[in-house]
Amino acid sequence: AQAAQFVVAGGADAGIVAYSLAISPKLADCCRHALISAELHAPLKHRGALIRGAGEDARRFFTFLLGVRGRAILHAHGFDLPDGTD
């Protein structure tokens, strides 16, 4: 995110940022982006966790994220999703 801040503020001519940031309105309106081929780097995995004793709201949110609508939202914001939920 800091690389994106430098680019937006004009402190850097270019930067390597997460695709989800590159397509965000603030960057998409001011900057061009190009994807770095997935063949050139190991996958960048993000994990989610639901802790023991989590409240009902947290459980519903976690279930939503793993469902069709939640996965579609994540995908629309630049995240590739595995077939399973591991």
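Author: What follows describes the model as a whole, then one part in detail, and then some other places along the chain.

This is a predicted model, in which local features need pLDDT of at least 70 and side-chain atom pairs count only at pLDDT 80 or more, while totals for chains, interfaces and linings use all residues. Residues are numbered from 1 along each chain as its sequence is written, and side-chain values use heavy atoms, with hydrogens and water left out.

The protein has five helices and zero strands, where helices (H or I, at least four residues) and strands (E, at least two) are DSSP runs numbered from the N terminus. Along the sequence, the pattern therefore reads α-α-α-α-α. The radius of gyration is 16 Å, well over the 12 Å that the globule rule gives for 86 residues, so the protein is more spread out than a compact globule. That radius is taken over C-alpha atoms, and the globule rule is 2.2 Å times the number of residues to the power 0.38. The C-alpha trace spans about 45 × 30 × 20 Å along its principal axes. Of the 86 residues, 9% count as buried; buried means under 20% relative accessible area, exposed over 50%, and partly exposed in between (1.4 Å probe, protein chains only).

Confidence is given as pLDDT, the predictor's confidence in each residue, from 0 to 100. Its mean over the protein is 89, and 97% of the residues reach 70 or more. Helix H3 has the lowest confidence, at a mean of 87, whereas helix H4 (residues 56-66) has the highest, at 95.

The structure holds one salt bridge, a term for a side-chain nitrogen of Lys or Arg within 4 Å of a carboxyl oxygen of Asp or Glu. Its partners are aspartate 57 and arginine 60, whose closest N and O atoms are 2.4 Å apart. Both residues lie in helix H4, three residues apart, which is about one turn of the helix. Aspartate 57 counts as exposed, because its relative accessibility is 56%. Arginine 60, with a relative accessible area of 49%, is partly exposed.

Serine 24 lies in the loop between helix H2 (19-22) and helix H3 (25-30), and serine 24 is buried, at a relative accessible area of 18%. A polar atom of the serine 24 side chain lies 2.6 Å from the backbone oxygen of leucine 21. A polar contact is a pair of N or O atoms within 3.5 Å; within protein, one must be able to donate a hydrogen and the other to accept it, and residues adjacent in sequence count only if both atoms are side-chain atoms. In helix H2 itself sits alanine 22, which counts as buried at 9% relative accessibility. Alanine 22 and glutamate 39 are 17 residues apart in sequence and 19 Å apart in space, C-alpha to C-alpha.

Isoleucine 16 belongs to the loop between helix H1 (2-9) and H2 and is exposed, with a relative accessible area of 71%.

Valine 8, in helix H1, counts as partly exposed at 32% relative accessibility. Between valine 8 and lysine 26 there are 18 residues of sequence separation and 8.2 Å in space, C-alpha to C-alpha. Lysine 45 is found in the loop between H3 and H4, and at 63% relative accessibility lysine 45 counts as exposed. Finally, helix H5 (residues 68-76) contains alanine 76, which is exposed at a relative accessible area of 54%. Alanine 76 and valine 7 are 69 residues apart in sequence and 23 Å apart in space, C-alpha to C-alpha.
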